[in-house]
Amino acid sequence: MHLPFLLLVLGSSVALRSKVDQHHKVSHVDSNKYSIAAEKKFLLYDVNFGEGFNLRRDVYMRVANTVRLLRESGENWILVLPPWGRLHHWQRMQVALSWRLFFDLESLNRFIPVMEFEDFLDESENRPIDQVIYLQHYEEGWGTEYVRKFDERRCLPPADSHYRKENDSKWRGWFYSYEDVQASNFKCVSIQGDSGTLKDLLTHSNFSSMTSVMVDRAETILHENFGDVNYWKARRSMRYSKDLVEAANVFRDKYLDSDDENDDTEMVADWRKERAKRTAKGGPYLGIHWRRRDFLYARHDQLPSIKGTAEILEKLCEKLKLNRIYLATDAPEEEVNELKSYLGKELQVFRFTDTQKYNDGQIAIIDQYLCAHSAHFIGSYESTFTFRIQEDREILGFPISSTFNRLCPDNIPDCEQPPKWKIVYKYF
């Protein structure tokens with residue numbers, strides 16, 4: 001079988017490598033966990049520029065399970081976390097943001113060994129990455145049936161424009177905005193498959209000698225078994241950073257009369273010790289994810305009007321005997337004000353809007369955390385932001401009926417509700 005390599009769609013602007021600030025700490029990794037191999041190998045990855053924060057979180061789980069499979073086969077692979085930034089939906093175009101700003105690295109390391117990109121550069125002494133593999137779909141499509149496979153192929157657009165070979169024979173590209181990062185080799189690989197297929201690619205003889213491999217366009221691969229035990233292990237390991245959890249908890253205590261003890265949402269410190277439950281009550285407020293902006297074009301026939309949204313909220317609050325609403329939305333301020341104008345005066349609407357202290361991704365996580373802790377949640381059609389909240393609520397142990405709900409368009413008040421992807425803790 002030929003080898004496929006991958007190319008990543010990256011922007012044209014390149015920023016200087018950001019300096020590690022005074023709060024930067026090395027990601028301490030138990031690199032021998034699951035593995036008897038002595039030699040460390042590093043897997044890096046990136047995702048198509050147009051993909052948002054929550055889809056990228058999903059891609060992390062796919063790649064993390066690839067690393068799990070590699071380590072279970074006896075190789076000492078470590079996942080290098082791609083810095084965040086320059087995301088399509090973020091209003092502020094920041095780059096080179098570390099994962100510790102968003103997630104608890106200690107918790108991530110309880111699933112597979114991970115490290116920040118800056119720490120990888122330190123450990124590798126800034127040597128070129130051995131190999132970049134640019135993943136792409138097959139030019140001819142799937143064919144008559146879906147078969148897991150990969151082949152080295154010529155680079156298709158946009159792969160052929162995102163990396164360039166310099167006079168020193170090294171390859172340059174976006175590399176998360178780090179201008180001084182290079183790669184020794186580059187290939188495009190057509191692939192169709194999942195986390196296991198990527199594992200097979202990385203253990204192929206052409207790449208088995210590499211100690212650092214970057215896979216670009218990692219969203220090309222799928223989950224090996226969507227919704228199974230290992231999917232949920234990866235997802236449960238993605239605990240939010242303690243700073244964000246604290247900020248959200250202060251907010252819910254102050255404005256939403258909500259705390260873990262009264263809401264039955266307390267969590268054990270180590271996600272590996274979690275047990276199945278359906279006893280969470282949540283705080284005395286309604287959580288809503290109200291997707292607007294791009295969905296007004298992409299999903300306009302599946303969204304309620306602003307007035308229709310207000311009517312849904314009023315009916316739900318009356319039914320559930322709630323008078324507080326937590327609103328997570330990308331709507332412009334004028335639309336939020338219009339929504340409030342349609343609501344009865346007895347209903348209070350709360351939002352977390354501290355943009356001075358927190359970046360767009362951090363506010364998104366606080367939004368999701370607060371929606372996840374509400375007594376009842378209603379989300380937006382086919383939104384990965386909504387889906388992440390539903391997963392959080394499954395982990396917290398809420399009843400199914402309070403989680404898997406969506407806003408219906410005005411003309412279909414009894415629209416089909418979202419699929420119920422329930423948490424799994426063990427193999428059956």
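This is a predicted model: local features need pLDDT of at least 70, side-chain atom pairs count only at pLDDT 80 or more; totals for chains, interfaces and linings use all residues.

Guide: Residues are numbered from 1 along each chain as its sequence is written, and side-chain values use heavy atoms, with hydrogens and water left out.

Visitor: How many salt bridges are there by this rule?
Guide: A salt bridge needs a side-chain nitrogen of Lys or Arg within 4 Å of a carboxyl oxygen of Asp or Glu. Glu106 and Arg110 make one at 3.0 Å, N to O. By this rule the count is 30.

Visitor: Which parts of the chain does the pair Glu139 and Arg154 tie together?
Guide: The closest N and O atoms of this salt bridge are 2.8 Å apart. Helices (H or I, at least four residues) and strands (E, at least two) are DSSP runs, numbered from the N terminus. Glu139 sits in the loop between strand E4 (131-136) and strand E5 (149-152), and Arg154 in the loop between E5 and helix H4 (159-162), so the pair joins parts 15 residues apart in sequence.

Visitor: Is Arg236 buried or exposed?
Guide: Buried means under 20% relative accessible area, exposed over 50%, and partly exposed in between (1.4 Å probe, protein chains only). Arg236 forms a salt bridge with Glu274, the closest N and O atoms being 2.8 Å apart. Arg236 has 5% relative accessibility, so Arg236 counts as buried.

Visitor: What is the volume of the largest cavity?
Guide: On a 1 Å grid over the protein atoms alone, a cavity is a set of points where a 1.4 Å probe fits but cannot get out; lining residues have an atom within 4 Å of a point. Grid points are joined across faces, edges and corners, and a volume is the space filled by probe spheres set on the points. There are 2 cavities of 30 Å³ or more. The largest has a volume of about 210 Å³.

Visitor: Which helices each supply at least two residues of the lining of the second largest cavity?
Guide: This cavity has a volume of about 60 Å³. Its lining includes Asn65, Arg68, Asn230 and Tyr231. The helices asked for are H1 (53-72) and H6.

Technical notes. On a 1 Å grid over the protein atoms alone, a cavity is a set of points where a 1.4 Å probe fits but cannot get out, and a pocket is an open set with protein on both sides within 12 Å along at least five of seven lines; lining residues have an atom within 4 Å of a point.
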